[in-house]
Structure formats: C-alpha cells, structure tokens
Amino acid sequence: MFEQYLKLTYYDIFFFLKAIWVTLWITLVSIAIGTIIGLVMGFIRNSKNKIISAIPLIYIEPLRNSPLITQLFLIYYGLPVVANIVLTAEASAIIALSLNTGAFFSVLVHNSLKAIPKMQWEAGFALGHDGVSNFRHIIAPQFIRLIIPSAITLYINQLQVSSFVSLISLIDLTKAGHILTLRTMNPFLIYGIVFVLYFVISYPLSKMAKSLEKKIAFTY
Amino acid sequence: MQLNFRFLLKYYPMLLKGAYKTIYISFGALILGFVLGVIVALMRQSNNKVLKTIGAIWVEFLRNTPFLVQLFFLYFGLPELGIKTDPIVTSILALGINASAPNCEVIRSGLMAIKKGLYESSYALGHSSFQIFRYVILPVSLRIAFKPLTSNFINLILTSSVVFSITVNDLMGTSKTVAAQTARPFEVFIFILFAYAIFTFILSFVAKIVDKKISITL
C-alpha cells in the first residue's frame, strides 16, 4: 500500500533543487555580509593604535573558537527568550553564518595586510601619493592578490559548514537528504546523491582556488 | 528578562559529563585522524600511481563534502551493510576520517619541505629506507607540521559539537537538554560558547609554547 512512497520519484528532483537553492542562498548571502564585516574588522584590527586594534578581538576570538552550532542555537533559541527577538530559521542562519564568516575573514584580512611590507607604503608616499590613493593604487592590488586564494578556501569551508543549518529545521541540502532517507529507507542512494551535489558545487571552486593561487602568487 | 547564570551550578555535573564525552570523542578522533592522515599523506607522496590517485580522491572527497552528511552517511548507511552502529563509535570514526584530509595536507607539506640532502646523507650513513623514514623523515616533518596539526585538532573539537545530532550526549547535546529543561537557552548556550572558546584558547596557547620548543628551521 505504501510501497509507492518508498521509491524516489520525478518530483523529488524539485525537492533537491529547492534544497540546493536554500543552501546556495544562505551561503552566498552570509559570505557577502561576512566579507564586509571581515573587511571592516580586519582594517580596525590593523590600526596602529594598540587599544583600537585589540577591540575586534572581543568579537573575533569567541566566534572563531566556539562551534558554529552553538552560535546558531544561541541566536535561534536564545534570542527570543532573552530579548524577545523572534527570528525565522533562515534569518538566524544567515546572521550566525555571516558573523562566523566575518570573524574568520577578518583574520585573513589582518594577515594579508601584515604580509605587505612597510616599504610599499613608504615608497608610495615618497612617490607623492596621499593615504587614499596610496592604498587604492599600491596596497590594494597586492592585498587582493594575497587574500583571494585563502578567501576562496574559506568560502568553500563555509559552504560545507552551512549544512549545520539543517539542525535548526531549515530544509537545506543536508536536511532534504535526511528527509528523503527517512522516507525511502535507502541511505546509500540518497546520501550518495547529496555527496555528489555538494561535491559538484564545491570541487570546481577548490580547483579554481588552487590554480589562482599558482597564477597570482608573487614574492617580494 | 534578567540574565541569571546561577541555575547552571545545579546542572554542572551533567555538563561536566558531557564535556568528558566531548574530550573522549575528540581525542579518539585525533588519534584516528592522525594515523589515517599519515597513511594518506604517504600514499599521495608515493611513486605508485594507483595509490596516489586513491589518496587524492580520498582527500578531495572529504574536503568537498560536509561533515554532517558524512556523519549521517556512516550512522544510517552502515546498518544497511549489516554493521551495527554505536553513536559514539560512529562519531569517532566520522570525525577521524574527516580530520584525516586536512591532516594529510599538512603532513604532506611537512614531507615536501624536507630537502633531498637529508635523504642522501642518511643513506650515506647506512640507514635502510624504513629507518630513514622512521628516524629522520617522520620526526622532522611532524615537527614542521606540528602547528597546523594543532589548529586542525582545535577545528576537530569544534566540529565534534554536531555529533549530538546522532544522539551522542556530548557537551553540546547535554547543553541542549539543559536548555530545554530550564527554558533558559540563552544563558546555557552562551555559557557553552565561552566554555568551548576558553578550552580551545588554552589548547592553542599550550600548542604555541610546545611549538616554540620543538620547531626547527631546515
């Protein structure tokens, strides 16, 4: 009687497509917001004033050193009780992932800026650039070259980590696989498909990161 | 609403038990991930093309699929093959396998950093190739790889927090129970967040000191 539900059907393709869309949407939005947060925090972190440069650490260190799932639960289950802020699963997933990405990205920014020798700044000033044009024409191109490969690696990692949002009842690719497994009782097939889908999204990106790393590498 | 952390005192034996389980799982996975990492790194460094390809596929697959799906695959998939799965054993297995990929990359870069002269001089001293590996290559490359290995380990501890999704009562799973019992999720989760943060912070601090002692420049 129920046998028909045990099989994968044509409609499940749409279920998977929708789930892929959720995963990609959440990942892309949180990466975008996280990159902005990371840039701001990274530049503050790089300031010459020691007190100002230490301020972002209050934000960075707890987020980098604690599990993402705790941060997700804190926002999804914790905020409504304490501050009466009720967020949808999607909104809390995006907020948590953005903050998390921001913390990791600011470290990348900080390290890349630190890797640029001071002489580059001094040479720029000696050539008559002011602060802004110095940054725009001399520092930024080097900075972008230094940060891009590690940034892509971070983005791929965030794509993998975005699967944790399935634990706060959001139907992303992982949750979709879980639901279909419970229905069809065929974990090998379903998780095989999920593996392939994730792999297809992330493998080209990681190959790109590797080839870019070789292409734009330079030494001082 | 007022924040109140005092109720946590009542629950601390429970949370401590969870923390113990987290540490137990992490260290089990650390050992498994390290051993697998060394094996896969050697496979990728070998001259045999088949071994090389298997190693590359292993690493690329694990790095490009999420840990949660790997965990579910093992936990729900292995019973299909007739193997009974225990949540703790499965989580150690999944975490170890998952950690073997970044460990392999790190150990491999340590192996590649070793210059040819070191091989040749140990050959000249009359070591067999196993002896060279055991007494010269492995110690040196592990010293080089020590720092990134510790950061992988910290990452592993943080990742281990999702094993509660296969019913393991680790620190995160216990804290979820406590949050549900007390109806104070914010305090519980922020406490757990800082507990993890402080624990990993101490670990990375210790690792830094050890690294300074054993680091070498070739």
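**A working chat on chains A and B**

Reader: Quick one to start: in chain B, what share of the contacts with a separation of 6 or more comes from residues 24 or more positions apart?
Author: Those pairs make up 77% of the contacts in chain B with a separation of 6 or more. Keep in mind that this is a predicted model.

Reader: Noted. How many helices and strands does chain B have?
Author: Chain B has eight helices and zero strands. Along the sequence, the pattern reads α-α-α-α-α-α-α-α.

Reader: And what box do the C-alpha atoms of chain B fill?
Author: Roughly 70 × 45 × 25 Å, taken along the principal axes. Of the 218 residues in chain B, 41% count as buried.

Reader: Which residues in α7(B) are buried?
Author: B:Leu171, B:Met172, B:Gly173, B:Thr174, B:Ser175 and B:Lys176, plus B:Val178 and B:Ala179.

Reader: What covers the buried residues of α7(B)?
Author: The cover includes α1 (8-45) and α8 (185-214) of chain B, together with α4 (68-82) of chain A.

Reader: What follows α7(B)?
Author: B:Ala183 does, and its phi is positive, near 60°.

Reader: How do the axes of α7(B) and α8(B) cross?
Author: At roughly 160°, and they come within 8 Å. An angle over 145 degrees counts as roughly antiparallel, so that is how α7(B) runs relative to α8(B). The crossing is right-handed.

Reader: Which residues make the contact there?
Author: From α7(B) you have B:Leu171, B:Met172, B:Ser175, B:Val178, B:Ala179 and B:Thr182, and from α8(B) B:Pro185, B:Val188, B:Phe189 and B:Ile192. By class, that contact has eight nonpolar, two polar and no charged residues.

Reader: Switching to the interface: how many residues of chain A are in contact with chain B?
Author: 34 residues of chain A, in contact with 33 residues of chain B. On the chain A side, the elements giving two or more residues are α3 (50-64), α4, α8 (173-184) and α9 (187-216). That side has 19 nonpolar, 14 polar and one charged residues.

Reader: You had α4(A) over there. At what angle does α4(A) pack with α8(B)?
Author: About 150°, with the axes 7 Å apart. α4(A) and α8(B) are therefore roughly antiparallel to each other.

Reader: Is that crossing left-handed or right-handed?
Author: The crossing of α4(A) and α8(B) is left-handed.

Reader: Which residues meet across α4(A) and α8(B)?
Author: Among them are A:Phe73, A:Leu74 and A:Tyr77 in α4(A), and B:Phe186, B:Phe189 and B:Tyr196 in α8(B). The residues of this contact divide into 13 nonpolar, three polar and no charged. B:Phe189 is also in the contact of α7(B) with α8(B).

Reader: Last topic, inside chain A. How do α5(A) and α7(A) pack?
Author: α5 (residues 89-115) and α7 (residues 131-161) of chain A pack at about 155°, with their axes 10 Å apart. They're therefore roughly antiparallel to each other, and their crossing is right-handed.

Reader: And which residues do α5(A) and α7(A) bring together?
Author: α5(A) brings residues including A:Leu97, A:Phe104 and A:Phe105, which meet A:Phe143, A:Leu146 and A:Ile147, among others, in α7(A). By class, the contact has twelve nonpolar, four polar and no charged residues.

Methods:
Residues numbered from 1 in each chain as written. Chains lettered and ligands numbered in written order. Predicted model: local features only at pLDDT ≥ 70, side-chain atom pairs only at ≥ 80, totals over all residues. Buried ≥ 20, exposed ≤ 12 C-beta atoms within 10 Å, placed from the backbone. Helix = DSSP H or I, 4+ residues; strand = E, 2+ residues; numbered from the N terminus. Contact = placed C-beta atoms within 7 Å. Nonpolar A, V, L, I, M, F, W, Y, C, P; charged D, E, K, R; others polar. Axes fitted to C-alpha atoms, helices over the stretch in contact; angles between N-to-C directions. Parallel < 35°, antiparallel > 145°, perpendicular 65-115°, else oblique. Left-handed = near helix turned anticlockwise from the far one by under 90°.
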